[in-house]
Amino acid sequence: MAQTSEASESSAGGVARAKTGITSLDSILNGGIPKGNLVLLTGACGTGKTTLALETLSNAARAGEHGVFLSTTEPVSRILENAATYRFFDKATVGKTIHFVDASSAFESLELESVFTPKNVDEALAWLSKTVKEKKATRLVIDSLTGICYRVGKPELVRDFTFRLGRELGELGCTTIATVETPAGVMAYSTFGVEEAVADGIVLLGNHDARGYLLRTLQVVKMRGTTHSRARYVIDLTSHGVIMVPMLKASMRGE
Amino acid sequence: MAVDVERVVRTSLEEAPPNAAVALMSDLNFYFQTMKAVVDWAGKAGKKMVYVTSTIPSSVIQQQLEAEGVEVGHLYFVDCISFIVGSTGEEKERTIYVESPTMLENIMLKVEAWLKQIGTKNVVLFLDAMNTLAMHNDEKALSEFSYYLVNSLRVRQIQTVVLSIHEQTPEDLEVVLKLVCDSGIDVHDEG
């Protein structure tokens, strides 16, 4: 299975798609993520969420699309330092086709409370839509959505926020990948248990103990607007990008 | 009569289609000659070779081949044995290590990692050897691994050569090899 495809838009099965540029993942998704979808990339720490999200953005930028990387957990300088270790990442795209934005600074300049008021939620969503429009972004990575959801607070508000986020970005034609942190060893698709119900897609990253060794895994749990494989794959994070192969049945059985 | 290993291997591999999987069964006595013949054939044919070793550490293979005057510049190793015997040493340019030959998915991933770097054109995969993988893995897992590996390469027009030593290959595994491979080469003493 070749692992890298030129990321761009396609319309496999009559559905406009945003390719991830990771050939095996696009193949699982029957051509890519349906355009405008909000996809949760969920998993515990160290499962490869940020790397995979960054690679999709880089691949899209290589194909001429514009993207925004919104960091809620790390300073942008740190993200860039880490990104420079990957060969798929082209420093020249920074500020041109990929715009890195520090959420904390942005929210501070908007004078939002540390725990959002209902008005703050509106302001944050409006700012995000404005940023996507200004940067002409067709791709957005939010790393992590959990970081914002903690500021939103209660599960019912998180649900509403996630729903509005998906709807507003979808209307702009922007395909969004939002990383979601889950506790290690706990089977969960999101932090608050509500985000997955309103998101269009869930890609679950995890660890699997096979004969005493930890394998990184990927499984597409849900993706609205397309048929897709629900099989579990084993992934490797290399300097050249994410590599995927099917998980052997023997590993699943623990043999 | 002494068998001409180099000629038998070269002729058979030259005749195999570019996306074929070839099972190479060799007597233990001819192991080194057989392995050397495969590496030499690929080098002379201008092919890059992804060499999966679960038998001898890659550094030893390289030393032995170089001592015999065989070109090794076309080899890209997936070394599944050095780590468990504690001989990985410094990072080597053309070697990726897998911690254990039981990590079959990792072997698949590292093969893909090389293909991502060197491309898929004019590449051959050499698996050395099925019988040593059988020492570390059960038959079902190994069958599944072989089917995936060979077929995923076949669709990309990549030739696969799977070596196994006669005396150490369980009968069931021989059947798997016959099923998964398109042709076979038998290197044995004609005497």
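## Helix α6 of chain A

Leu145(A), Thr146(A), Gly147(A), Ile148(A), Cys149(A) and Val152(A) are the buried residues of α6(A). The model here is a predicted one. Helix α6 of chain A spans residues 145–152 and is mostly covered, with six of its eight residues buried.

## Where the two chains meet

Let's turn to the contact between the chains. Chain A contributes 20 residues to the contact and chain B contributes 21 residues. On the side of chain A that touches chain B, the elements giving two or more residues are the strands β10 (213–223), β11 (232–238) and β12 (241–246), together with the helix α9 (249–253) of chain A. By class, that side of chain A holds eleven nonpolar, five polar and four charged residues.

## Helix α7 of chain B and its two faces

Val176(B), Leu177(B) and Val180(B) are buried in α7(B). Viewed down the axis of α7(B), these buried residues fall within an arc of 100°, so they line one face of the helix. What do they pack against? The partners of the buried residues of α7(B) are β1 (21–26), α5 (130–136), α6 and β6 (159–165) of chain B.

The face turned away from that buried side is a different story: Glu171(B), Val175(B), Lys178(B) and Leu179(B) are the exposed residues there.

## How α6 and α7 of chain B cross

The axes of α6(B) (residues 139–154) and α7(B) (residues 171–180) come within 10 Å and cross at roughly 15°. An angle under 35 degrees counts as roughly parallel, and α6(B) and α7(B) are therefore roughly parallel to each other. Their crossing is right-handed.

Which residues make the contact between α6(B) and α7(B)? From α6(B) come Glu139(B), Leu142(B), Ser143(B), Ser146(B), Tyr147(B) and Val150(B), and they meet Asp172(B), Leu173(B), Val176(B) and Val180(B) of α7(B). Sorted by class, this contact of α6(B) with α7(B) has six nonpolar, two polar and two charged residues.

## How α1 and α2 of chain B cross

Another helix pair in chain B can be read in the same way. Helix α1 (residues 5–15) of chain B and helix α2 (residues 31–44) of chain B have axes that come within 9 Å and cross at roughly 45°. α1(B) and α2(B) are therefore oblique to each other, and their crossing is right-handed.

On the α1(B) side, the contact is made by Val5(B), Glu6(B), Val9(B), Arg10(B) and Leu13(B), while α2(B) supplies Gln33(B), Thr34(B), Ala37(B), Val38(B) and Trp41(B). The contact of α1(B) with α2(B) divides into six nonpolar, two polar and two charged residues.

## Thr132 of chain B

Thr132(B) is found in helix α5 of chain B, one of the elements that the buried residues of α7(B) pack against. Is Thr132(B) buried or exposed? Thr132(B) has 21 other C-beta atoms within 10 Å, and a residue is buried if that count is 20 or more, so Thr132(B) is buried.

Leaving out residues up to four places away in sequence, Thr132(B) touches Ser54(B), Thr55(B) and Pro101(B). The C-alpha atoms of Thr132(B) and Ile56(B) are separated by 9.8 Å, with the two residues 76 residues apart along the chain.

Technical notes
Residues are numbered from 1 along each chain as its sequence is written. Chains are lettered from A and ligands numbered from 1 in the order in which they are written. This is a predicted model: local features need pLDDT of at least 70, side-chain atom pairs count only at pLDDT 80 or more; totals for chains, interfaces and linings use all residues. Two residues are in contact if their C-beta atoms, placed from the backbone, lie within 7 Å. Helices (H or I, at least four residues) and strands (E, at least two) are DSSP runs, numbered from the N terminus. Ala, Val, Leu, Ile, Met, Phe, Trp, Tyr, Cys and Pro count as nonpolar, Asp, Glu, Lys and Arg as charged, and the others, Gly among them, as polar. Axes are lines fitted to C-alpha atoms, for helices over the stretch in contact, and angles run from 0 to 180 degrees between N-to-C directions. Angles under 35 degrees count as roughly parallel, over 145 as roughly antiparallel, 65 to 115 as roughly perpendicular and the rest as oblique. A crossing is left-handed if the near helix is turned anticlockwise from the far one by less than a right angle, and right-handed if clockwise. A residue is buried if 20 or more other C-beta atoms lie within 10 Å of its own, exposed if 12 or fewer, and partly exposed in between; C-beta atoms are placed from the backbone. The arc is that of the directions from the helix axis to the C-beta atoms.
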